[in-house]
Amino acid sequence: MATRAYMAGVVELLKLEWPANRTVTVACHGHSVPAGYFATPTVDTFRAYPHLLHRRLKARYPTAVINVVTTAVGGEDAAGGSARFERDVLGFRPDVVTLDYGLNDRRIGLEAAERAWREMIEAALARGVRVILLTPTMDDGGEEEPAAEARAGLRRHAEQIRRLAAEYGVALADSYAAFERYVRDGGSVRDLLSWPNHPNRLGHELVAAELIQWFQ
């Protein structure tokens, strides 16, 4: 996995003042979580982590012009995200791309998910874009799947995402570990959820806290 120095060039851009500065663009790509779905079909954009990250970045870098765009699609997995990555994500010419597909990738399996994640990572790196991989937020399982089984699948995908971050030397925002810490400290995963597989505001805050660490 990358060290904090990985984002140093982006941080320097964020520090610049007019007239030397320019717009710094962060694209948040993924499924329903970055898209802002809370209790489906409600989309609560301004309490979801792309917006929370934007606010934290502006608080930290008041002279920066920052554009945080959400290219996420509810219900999508990494294969779908990869198919439209060139058009819908790289078309914004982002400085940073975040990838968050772990929740939905269980339905396509580890092998297909890995292939799609590699395609997106390599396409971004070829353009000189900094990449932050996100492990999935926790899933309560709901009525469709026992919680223990749901979490076992999420852990496997989280481990794969961590391995890809280490292999490519890109950044990792470990949402799953942040949720685990919350539970280990005495909380309930249901404190963090607005829906069986969607975080609430507190859950999104945990993800935003993982992301902002890369913009020190």
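Residues are numbered from 1 along each chain as its sequence is written, and side-chain values use heavy atoms, with hydrogens and water left out. Since the model is predicted, local features need pLDDT of at least 70 and side-chain atom pairs count only at pLDDT 80 or more, whereas totals for chains, interfaces and linings use all residues.

We may start with the sheet. Helices (H or I, at least four residues) and strands (E, at least two) are DSSP runs, numbered from the N terminus. Five strands form an open sheet in the order S2-S1-S3-S4-S5, with parallel pairing; two strands are taken to pair if DSSP finds at least two bridges between them. At the edges lie strand S2 (65-70) and strand S5 (171-173), each of which pairs on one side only. From one strand to the next, the twist averages 20°. Strand S1 (residues 23-30) runs parallel to S2 and is joined to S2 by six bridges. Ala 27 stands opposite Val 69 in S2.

Helix H6 lies across S1, strand S3 (96-100) and strand S4 (130-134), and runs at about 155° to S4. Helix H9 (residues 201-212) also packs on the sheet, where H9 touches S3, S4 and S5, and the direction of H9 makes about 145° with that of S4. For these angles, axes are lines fitted to C-alpha atoms, for helices over the stretch in contact, and angles run from 0 to 180 degrees between N-to-C directions. Contact here means heavy atoms within 4.5 Å.

Helix H6 (residues 109-126) contains Arg 118, a residue that is buried, with a relative accessible area of 18%. The accessibility classes are buried (under 20% relative accessible area), exposed (over 50%) and partly exposed (in between), with a 1.4 Å probe and protein chains only. Leaving aside neighbours within four places in sequence, Arg 118 is in contact with Arg 163, Leu 164, Glu 167 and Tyr 168. With the side chain of Tyr 168, the side chain of Arg 118 makes a polar contact at 3.0 Å. A polar contact is a pair of N or O atoms within 3.5 Å; within protein, one must be able to donate a hydrogen and the other to accept it, and residues adjacent in sequence count only if both atoms are side-chain atoms.

A search of the whole structure finds 18 salt bridges, each being a side-chain nitrogen of Lys or Arg within 4 Å of a carboxyl oxygen of Asp or Glu. Among them, Glu 12 pairs with Lys 15, with the closest N and O atoms 3.3 Å apart. Both residues lie in helix H1 (residues 8-15), three residues apart, about one turn of the helix. Glu 12 is partly exposed at 45% relative accessibility, and Lys 15 is partly exposed at 47%. Arg 162 and Asp 174 meet in a salt bridge of 2.8 Å, N to O. This pair links distant parts of the chain, with Arg 162 in helix H7 (residues 147-168) and Asp 174 in the loop between S5 and helix H8 (175-184), twelve residues apart. Asp 174 counts as buried, at 13% relative accessibility. Glu 76, Arg 84, Arg 87 and Asp 88 are linked in a network of salt bridges.

The largest nonpolar core has 62 residues, and those with the most contacts inside it are Leu 14, Leu 99, Trp 117, Ile 132, Leu 133 and Phe 215. Such a core is a set of buried Ala, Val, Leu, Ile, Met, Phe, Trp, Tyr and Cys residues joined through side-chain atoms within 4.5 Å. Beyond four places in sequence, the contacts of Phe 215 include Leu 14, Leu 53, Val 96 and Ile 132.
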